[in-house]
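Hi there,

Here is the structure I promised to pass on. My notes follow below it.

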Amino acid sequence: MATYSSTRTPSPSRTAVDTGTRATVRHLGPNWYAAVMGISIVASAGATLPHPVPRPVTVGVWAIAATALAVLLCARAVHWIHHRDQARSHLLDPRVAPFYGCLSMALLAVGGATLLVGKDVIGERAAIGVDAVLFVAGTLVGLAASTAVPYLMVARHKIALDEASPVWLLPVVAPMVSAAQGPALLPHLPQGQWQEAMLLASYAMFGISLIATFVMLPLIFGRLVVHGPLPLALTPTLFLVLGPLGQSTTAVNALADVAPDAISQDYASAFSAFAVVYGVPVMGFALLWLALALSLVIRARRAGMGFAMTWWGFTFPVGTCVTGAAGLARHTGLDAYSWLATTLYVFLVAAVLVAAVNTLRGLFNGKLLAAPR
């Protein structure tokens, strides 16, 4: 019987490198995809502003996001291969499991940015192909997460009412990102059944996410009122509530743009009206929540809140409000929404820069990949 005892053994230096690499990713959780989401939406939102950011800038940001996604996917693959015990523990941890929704949104965000600005580098045909692959993968992952994570919360996780957190929104908001990204691919599908199916499927995912959000929000706000502010490290997650609000506004406006090409004029007119009738009050509530979240973040900062990966919560949700306000500016013609989109975009860029600098510092000193205490 053949054995491998006589084969050449790896050199100590190579073994040390392999072991070190595997150990480095042991505590790399799915929350890291939030960084990819935040960077991607700087490119996408910048291209959709009433006065777009210069194209070379958005293309450069897209390239960074795409590279970060590729690196993170490889690192997470190593994590699952060599640290399956840790991966399983993440799924069974109610504080970590919801972040699996971030994988879906990272795929969708990079795919959408590829079609929007990346086509300047790789060409439109390749960009359509990349976006289609990432859209399908992201949508399937998002639908799975929006089902599996709530199931785990009910059947496996042991959660007290005072543990309710905006993080719970992450898996259920993922289908809303698909709803907002679907319209960009619709014109590239065959006319007729295919385009109508994409339109209505996007609206269906809009409904899935919206109703699930309505179920979650009372629990989150009720926890704040009854039990007070969140722990300092979790305070930035209050911004996650902006995600379904801004993304749903983005979705209805994007769907209204493509509806005339995919469905009868009667329905297309209704969808166009719905974009404004729905988007205006929801954006109003988003601004109210933004004020509340900012107030609590300032309070937490004064109490000593330091940097954590939760700071990436300041980025993607605000970016969805940028694209939502830009969509309302297109459909209402109001300059106020153009100014709102621009102001929020400035905040978004500042938040991404702060989060990115602190993340790089934490990577270099090893603190962000160390075992949790």
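This is a predicted model, and its pLDDT (the predictor's confidence in each residue, from 0 to 100) averages 92 over the chain, with 94% of the residues scoring at least 70. Where pLDDT is low, the predicted coordinates should not be read in detail.

Two housekeeping notes. Residues are numbered from 1 along each chain as its sequence is written. As this is a predicted model, local features need pLDDT of at least 70 and side-chain atom pairs count only at pLDDT 80 or more, while totals for chains, interfaces and linings use all residues; side-chain values use heavy atoms, leaving out hydrogens and water.

On to the fold: the chain has 12 helices and 0 strands, counted as DSSP runs (helices H or I, at least four residues; strands E, at least two). Among the contacts with a separation of 6 or more, 82% join residues 24 or more positions apart.

As for overall shape, the radius of gyration is 21 Å, which agrees with the value near 21 Å for a compact globule of 373 residues; this is taken over C-alpha atoms, and the globule rule is 2.2 Å times the number of residues to the power 0.38. Those C-alpha atoms fill a box of roughly 75 × 50 × 40 Å along the principal axes. Of the 373 residues, 51% count as buried, that is, under 20% relative accessible area with a 1.4 Å probe, protein chains only.

Best wishes

Methods:
Buried means under 20% relative accessible area, exposed over 50%, partly exposed in between (1.4 Å probe, protein chains only). Contact means heavy atoms within 4.5 Å.
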